[in-house]
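These are my notebook entries on a single chain. I looked up the fold pattern, the overall dimensions and the aromatic contacts.

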Amino acid sequence: MRSCSSNVLKKYETCVGTDEPGKQVWLRGPFLAGKSSDITIFRGGDDDTAIADRDQDALYFQMPEGKHFAGDTSYVGEPERVIVTMPEMDKRDIKWLGRLKARGETLHSRLKNFRVLGTRFRHGNGTKDKLKLHQMATESVCLIVLYDCENGRPLFEQ
């Protein structure tokens with residue numbers, strides 16, 4: 001997910017749970033867009049970074065053993081943690097993965113409704129301060145969306 005702020009693009013890493021009531025279970029960021037790919041953010045470092053030297057707060061290290069998430073093709077290098085759509089898959093499985101990824105898009109659209117994402121963020125002085133304030137605003141919006149999910153308006157129907 002990307003957001004604009006004074007010519008600085010930001011991305012956040014998000015995950016949506018598939019359990020009842022289908023709510024956001026992970027948020028991390030902001031990251032400067034274009035600086036790191038999605039899989040690098042997920043791993044906490046690139047292929048050249050030793051696993052011991054990677055950011056241990058990355059989703060890669062926080063996922064419970066045996067858990068997977070559905071991702072787009074940018075995560076194809078992590079088959080033990082991420083399920084991506086592959087041409088050789090059954091049509092039924094491809095459709096299931098599409099539904100899972102659509103749930104994440106539903107979350108993104110709800111966050112964008114608050115206009116903290118996708119529009120210029122005009123608060124703070126300097127890039128560092130703006131990023132900190134943008135993170136606070138994004139986390140606040142995520143809490144509102146979570147409250148909404150827990151009180152009768154889930155991201156998807158079970």
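Entry 1, fold. I read the chain along its sequence as β-β-β-α-α-β-β-α-α. I count 4 helices and 5 strands, both taken as DSSP runs numbered from the N terminus (helices: H or I, at least four residues; strands: E, at least two). The model is predicted, so I note that local features need pLDDT of at least 70 and side-chain atom pairs pLDDT 80 or more, while totals for chains, interfaces and linings use all residues. Residues are numbered from 1 along each chain as its sequence is written, and side-chain values use heavy atoms, with hydrogens and water left out.

Along the principal axes, the C-alpha atoms fill a box of roughly 50 × 45 × 25 Å.

Among contacts with a separation of 6 or more, 52% join residues 24 or more positions apart; contact means heavy atoms within 4.5 Å.

I searched the whole structure and found 5 aromatic pairs. Rings of Phe, Tyr and Trp (its six-membered ring) pair if their centres lie within 6.5 Å; planes under 30 degrees apart are stacked, over 60 edge-to-face, the rest tilted. One of the pairs is Phe 42 with Tyr 60, edge-to-face at 5.8 Å centre to centre and 85° between the planes. Phe 42 lies in helix H1 (residues 38-43) and Tyr 60 in helix H2 (residues 59-62), so this pair ties together parts 18 residues apart in sequence. Phe 42 is buried at a relative accessible area of 0%, and Tyr 60 is buried at 13%.

I also recorded Phe 42 with Tyr 75, edge-to-face at 5.9 Å and 90°. Tyr 75 lies in the loop between strand S4 (69-70) and strand S5 (82-83), so its pair with Phe 42 in helix H1 links parts 33 residues apart in sequence. Tyr 75 counts as buried, at 10% relative accessibility.

Which residues form one aromatic cluster? I list Phe 42, Tyr 60, Phe 61, Phe 69 and Tyr 75. Arg 81 lies over the face of Tyr 60, 4.4 Å from the ring centre; the criterion is NZ of Lys or CZ of Arg within 6 Å of the ring centre and within 35 degrees of the ring normal.

Definitions and conventions. Buried means under 20% relative accessible area, exposed over 50%, partly exposed in between (1.4 Å probe, protein chains only).
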